[in-house]
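Dear colleague,

Please find below the structure that I am handing over to you. My notes on what was found in it follow directly after.

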Amino acid sequence: MPRVLLLGGTTEASRLAQALADAQVDAIFSYAGRTESPLLQPLPVRVGGFGGVDGLRAWLQAQHISHVVDATHPFAVQMSCNAVAACAATGIPLLALERPAWQAQAGDHWQQVPDMESAVGALPDAAVRVFLAIGRQHLAPFLAQPQHWFLLRLVDASLELPPERGHIVLARGPFTEAGDTALLQQHRITHVVAKNSGGSGAEAKLSAARALGLPVILIDRPAIPLRPTVARVDEVLQWITGHHGNTGVATARGV
């Protein structure tokens with residue numbers, strides 16, 4: 001019988017966890033542990049890192065894992081790279097459940113940049129009001145620009161921001177275009193900075209920016225080594241139960 005490690009932290013991972021539980025597949029859900037109040041899961045949960053590639057490899061073997069599914073955030077590059085290396089070393093099949101990246105539409109004013117540093121540099125020199133939709137890990141380079149005012153949306157109250165520097169909204173997606181349009185208007189936002197995370201749960205800010213004619217600085221996904229990848233939960237179930245690691249389209253981002 002398969003025993004699955006599900007590397008989670010996304011909406012898609014939670015959907016897959018429920019599907020695995022419904023199918024009575026023996027699986028463990030792994031969180032990085034960066035969120036104070038993660039969603040409850042219908043599977044046994046472990047929280048925290050594995051100790052790099054060697055630690056993950058040892059854990060996979062000790063737990064008799066037969067399949068690994070990487071359903072982490074598209075920007076969780078270190079965990080994804082570690083999973084590729086550990087699975088290659090152990091011979092354990094790996095599949096990525098990855099949402100397609102967003103594509104520009106008519107009316108979008110996007111400036112696509114390769115990384116966080118480039119996104120900071122793409123902001124105007126003059127003071128602007130920025131919806132900074134990048135999570136909390138990479139805020140420091142932006143907040144080091146004292147002329148700008150920042151609107152942040154976080155899952156938990158892990159950060160304080162003086163009113164003269166910005167405002168923090170505590171919320172968990174999915175979000176709506178109407179709600180995000182009102183949010184941007186309420187705070188007189190002039191620019192949006194976002195990761196190209198893909199998916200529908202966080203796309204509303206891009207639709208709102210399009211409707212308001214606002215420029216968006218969109219950060220490209222980081223490069224991850226070649227690995228089989230699918231986009232739907234049912235494809236993961238088919239891979240686990242029927243194909244034993246031989247399906248999935250091999251894709252790589254930038255490598």
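A search of the whole structure, which is a predicted model, finds 11 salt bridges. Three of them are described here.

Asp 70 and Arg 227 are both buried.

Arg 227 also forms a salt bridge with Glu 98, at 3.0 Å from N to O. Here too, distant parts of the chain are linked, since Glu 98 sits in the loop between strand 5 (94–97) and strand 6 (109–113), 129 residues apart from Arg 227 in strand 12. Are Glu 98 and Arg 227 buried or exposed? Buried means under 20% relative accessible area. Glu 98 has a relative accessibility of 16%, so it counts as buried. Arg 227 has a relative accessibility of 5%, so Arg 227 counts as buried as well. Together with Arg 221, the residues Asp 70, Glu 98 and Arg 227 are linked in a network of salt bridges.

A further salt bridge brings together the side chains of Arg 232 and Glu 235, with 3.9 Å from N to O.

Turning to the helices, how do helix 6 and helix 7 lie relative to each other? The axes of helix 6 (residues 177–186) and helix 7 (residues 204–212) come within 8 Å and cross at roughly 60°. The two helices are therefore oblique to each other, and their crossing is right-handed. On the side of helix 6, the residues that take part are Glu 177, Asp 180, Thr 181, Leu 184 and Gln 185. In helix 7 they meet residues including Ala 204, Lys 205, Ser 207 and Leu 212.

Lastly, a word on confidence. The protein chain has a mean pLDDT of 91, and 93% of its residues reach 70 or more. Over residues 245–249, however, the pLDDT is below 50, and this stretch has 14 contacts in the model beyond near neighbours in sequence. Where pLDDT is low, the predicted coordinates should not be read in detail.

Yours sincerely

Terms used: Residues are numbered from 1 along each chain as its sequence is written. This is a predicted model: local features need pLDDT of at least 70, side-chain atom pairs count only at pLDDT 80 or more; totals for chains, interfaces and linings use all residues. Side-chain values use heavy atoms; hydrogens and water are left out. pLDDT is the predictor's confidence in each residue, from 0 to 100. Contact means heavy atoms within 4.5 Å. A salt bridge is a side-chain nitrogen of Lys or Arg within 4 Å of a carboxyl oxygen of Asp or Glu. Buried means under 20% relative accessible area, exposed over 50%, partly exposed in between (1.4 Å probe, protein chains only). Helices (H or I, at least four residues) and strands (E, at least two) are DSSP runs, numbered from the N terminus. Axes are lines fitted to C-alpha atoms, for helices over the stretch in contact, and angles run from 0 to 180 degrees between N-to-C directions. Angles under 35 degrees count as roughly parallel, over 145 as roughly antiparallel, 65 to 115 as roughly perpendicular and the rest as oblique. A crossing is left-handed if the near helix is turned anticlockwise from the far one by less than a right angle, and right-handed if clockwise.
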